[in-house]
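Visitor: I'd like to learn how to read the features of a model like this one. Could you walk me through it?

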Amino acid sequence: MKFLKILSIFILALCVNSCSVYNFTGAKPIDAKTFQVNYFQNNAELIEPGIERKFTIKLQEIIQNQTNLNLTNSNGDLLYEGEIVEYRTTPMQATAAQTAAQSRLTISVMVRFNNKNKEADNFEKRFSFYRDYEGSTLPTGSVLNDYIDEIFERITQDVFNESLAKW
């Protein structure tokens, strides 16, 4: 009976200890305490007002929600910076009347990531995603905002995976 108690305590201790090695977001343990996200300028040829602010905030939020790093305005251990380089709508399928049956909204962001403590992790990479929609209408208002949110959710998750999760 005493052996079972000791074995149970040992197994419990092992389980609790293993939580420090793995977390549910997939982020690997990193030698950093702070991160900084500089404002992402909108350098796309076609400008949609406000998306640069929205992207910057979404990137800050995903890192805060999926890690225990603290956001800082300067001298962060991890630095994210870059610009929105593409915002475009393109027809994907045509109808017999030569109008667009389906269109695609594509947004691309160039991201530069710097890790002060481990320079081997640094990268500069373009991240892109799209949302298809019916070509007979141009998305505006809340529909357009929903499409942009969907695209930015995917791009920020890809940036997080590339920089911290190493997937």
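**A charge over a ring, and onwards**

Guide: Let's start with a charge over a ring: Arg104 lies over the face of Tyr130, at 3.7 Å from the ring centre. The term applies if NZ of Lys or CZ of Arg is within 6 Å of the ring centre and within 35 degrees of the ring normal.

Visitor: What should I know about the model itself?

Guide: This is a predicted model, where local features need pLDDT of at least 70 and side-chain atom pairs count only at pLDDT 80 or more, while totals for chains, interfaces and linings use all residues. Residues are numbered from 1 along each chain as its sequence is written, and side-chain values use heavy atoms, with hydrogens and water left out.

Visitor: What is the mean pLDDT of the protein?

Guide: pLDDT is the predictor's confidence in each residue, from 0 to 100. Here the mean is 86, and 78% of the residues reach 70 or more. Over residues 17-25, though, the pLDDT is below 50, and that stretch has five contacts in the model beyond near neighbours in sequence. Contact means heavy atoms within 4.5 Å.

Visitor: How many helices and strands are there?

Guide: Both are DSSP runs numbered from the N terminus: helices are H or I with at least four residues, strands are E with at least two. This protein has three helices and six strands, in the order α-β-β-α-β-β-β-β-α along the sequence. As for contacts with a separation of 6 or more, 68% of them are between residues 24 or more positions apart.

Visitor: What span should I expect for H2?

Guide: The expected span of a helix is 1.5 Å times one less than its number of residues. For the 16 residues of H2 that gives 22 Å, and the end C-alpha atoms are 22 Å apart, which agrees. Helix H3 (residues 141-165) has 25 residues and reaches 34 Å from its first C-alpha to its last, close to the expected 36 Å. After H3 comes Lys166, whose phi is positive, near 60 degrees.

Visitor: Which residues of H2 are buried?

Guide: Buried means under 20% relative accessible area, exposed means over 50%, and partly exposed is in between (1.4 Å probe, protein chains only). In H2, the buried ones are Ile51, Glu52, Phe55, Thr56, Leu59, Gln60, Ile62 and Ile63. Across the 167 residues of the protein, 37% count as buried.

Visitor: And how do I read a pair of aromatic rings?

Guide: You describe it by the distance of the centres and the angle of the planes. Rings of Phe, Tyr and Trp (its six-membered ring) pair if their centres lie within 6.5 Å; planes under 30 degrees apart are stacked, over 60 edge-to-face, and the rest tilted. The count here comes to seven aromatic pairs. Take Phe40 and Phe55: their ring centres are 4.9 Å apart and their planes at 70 degrees, so this pair is edge-to-face. Phe40 sits in the loop between strand S1 (34-37) and strand S2 (41-42), and Phe55 in helix H2 (residues 51-66), so the pair ties together parts that are 15 residues apart in sequence. Phe40 and Phe55 are both buried.

Visitor: What about Tyr80 and Phe113: how are their planes set?

Guide: Their planes are at 50 degrees, with the ring centres 4.9 Å apart, so that pair is tilted. It links distant parts of the chain, with Tyr80 in strand S4 (residues 78-94) and Phe113 in strand S5 (residues 100-115), 33 residues apart. Tyr80 and Phe113 are both buried, and ring pairs link Tyr80, Phe113, Phe123 and Phe127 into a cluster.

Visitor: Is Glu86 buried or exposed?

Guide: Glu86, in strand S4, is buried, with a relative accessible area of 14%. Its side chain joins that of Ser108 in a polar contact of 2.7 Å. That term means a pair of N or O atoms within 3.5 Å; within protein, one must be able to donate a hydrogen and the other to accept it, and residues adjacent in sequence count only if both atoms are side-chain atoms. Leaving aside neighbours within four places in sequence, Glu86 is in contact with residues including Ala44, Arg126 and Ser128.

Visitor: Which residues does Thr156 contact?

Guide: With neighbours within four places in sequence left aside, Thr156 is in contact with Phe55, Lys58, Leu59 and Ile62. Thr156 is in helix H3 and buried, at 2% relative accessible area.
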